[in-house]
Amino acid sequence: MTAAELDVVGIGNAIVDVLTHADDDFLVSHGLNKGSMTLIDTERAEALYGAMGPAVEVSGGSAANTMAGIASLGGAGGFIGKVRNDQLGGIFAHDIRAGGTTFRAPPATDGPPTARCLIFVTPDALRTMATYLGVSVQFGPQDLDLDLLRSAKVVYLEGYLWDAEPAKKAFLEASKAAHSAQRKVALSLSDPFCVERHRAAFRQLIEGHVDILFGNEAEIVSLFETPDFDSALQQARGHCEVVALTRSEKGSVVLAGDEVHVVDAIPMGPIVDTTGAGDAYAAGFLYGYTRGLSLYRCGELGSLCAGEAISHMGPRPERSLKQLASEKLNLT
């Protein structure tokens, strides 16, 4: 096995987020399921965009947000995703590279436009997402950069990408490439509705190809179809080397074999917007993991990054996570 050049390479939807504030009445009137992600078509994307209030456009995408967090911590990361040669594609590519993440995928010259996610943040800081996947649905094995994958200690797979058939084949090929190079494979469950759509396939993927599993309370309960978190926790044990489960203000629980670590949340001020909290947690956790920190410390670092993410609008860090880790956790 050659030495890894990168800490983590993420594979996911390359999306530009469009964020706005909205109230519950807006969500109801537009048929949006509060606190979840709904896939929409071109016509609905245009109608919702026209109905939105003033908005902020920032590069997003779950795995891409995680990679931005790793870069902010001082880690070396890469990202694999598909964009078009359009304005939003240019914004996405510029932003992720400017943040310090390797992104070398050439933009597609035909097909649907770059993906965008319309995010409605209600006064209780919950985010409701309507996602138009655009050219991301065409992501498949042909878009994998196998050399980049093999160069990372961990390959991080975004569960949202599983909605498209070609991406499923790409995930399997990516995980095989990673394991052939003796690297680890991590998966984010992404969303409880995503788990409901693909429960059986996710469980097969986890059993055969995933070393590190990330999910929240709702996702893990849905995955194992259990009535409560404690039951899901017991079922999750043993399916992967490491399972990291977030519980909002209750922090997180990290499992590995017989180990169980309960990690507190680390508030960084009032909760403004929960968009990207799980992505940020994964960034902190994986950064610690690739540096050989204890699983408890990995969870602490995840909590710190999630606390920073929910203290402002948008999913990507506004403060240096490396500096915060030094100040709050004495990590260098």
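1. In this predicted model, Ser136 lies in a loop, with β8 (127-132) on one side and α5 (146-150) on the other. Ser136 has a relative accessibility of 2% and therefore counts as buried, the cut-off being under 20%. Leaving aside residues up to four places away in sequence, the contacts of Ser136 are Asn13, Ala14, Lys82 and Ala115.

2. Helix α10 spans residues 229-236, and its buried residues are Phe229, Ala232, Leu233 and Ala236. Viewed down the axis of α10, these buried residues fall within an arc of 105°, so they line one face of the helix. The elements covering them include helix α9 (217-224) and the strands β12 (242-246) and β13 (252-256).

3. A further point concerns the packing of two helices. Such a pair is described by the angle between the axes and the distance between them. Here, helix α3 (residues 62-72) packs with helix α11 (residues 277-290) at an angle of about 45°, and their axes are 8 Å apart. The two helices are therefore oblique to each other, since an angle of 65 to 115 degrees would be needed for roughly perpendicular and one under 35 for roughly parallel. The crossing of α3 past α11 is right-handed.

4. On the α3 side, the residues that meet α11 are Ser62, Asn65, Thr66, Gly69 and Ile70. The α11 side contributes Asp279, Ala282, Ala283, Leu286 and Tyr287. By residue type, this contact of α3 with α11 comprises 5 nonpolar, 4 polar and 1 charged.

Key:
Residues are numbered from 1 along each chain as its sequence is written. This is a predicted model: local features need pLDDT of at least 70, side-chain atom pairs count only at pLDDT 80 or more; totals for chains, interfaces and linings use all residues. Side-chain values use heavy atoms; hydrogens and water are left out. Axes are lines fitted to C-alpha atoms, for helices over the stretch in contact, and angles run from 0 to 180 degrees between N-to-C directions. Helices (H or I, at least four residues) and strands (E, at least two) are DSSP runs, numbered from the N terminus. Angles under 35 degrees count as roughly parallel, over 145 as roughly antiparallel, 65 to 115 as roughly perpendicular and the rest as oblique. A crossing is left-handed if the near helix is turned anticlockwise from the far one by less than a right angle, and right-handed if clockwise. Contact means heavy atoms within 4.5 Å. Ala, Val, Leu, Ile, Met, Phe, Trp, Tyr, Cys and Pro count as nonpolar, Asp, Glu, Lys and Arg as charged, and the others, Gly among them, as polar. Buried means under 20% relative accessible area, exposed over 50%, partly exposed in between (1.4 Å probe, protein chains only). The arc is that of the directions from the helix axis to the C-beta atoms.
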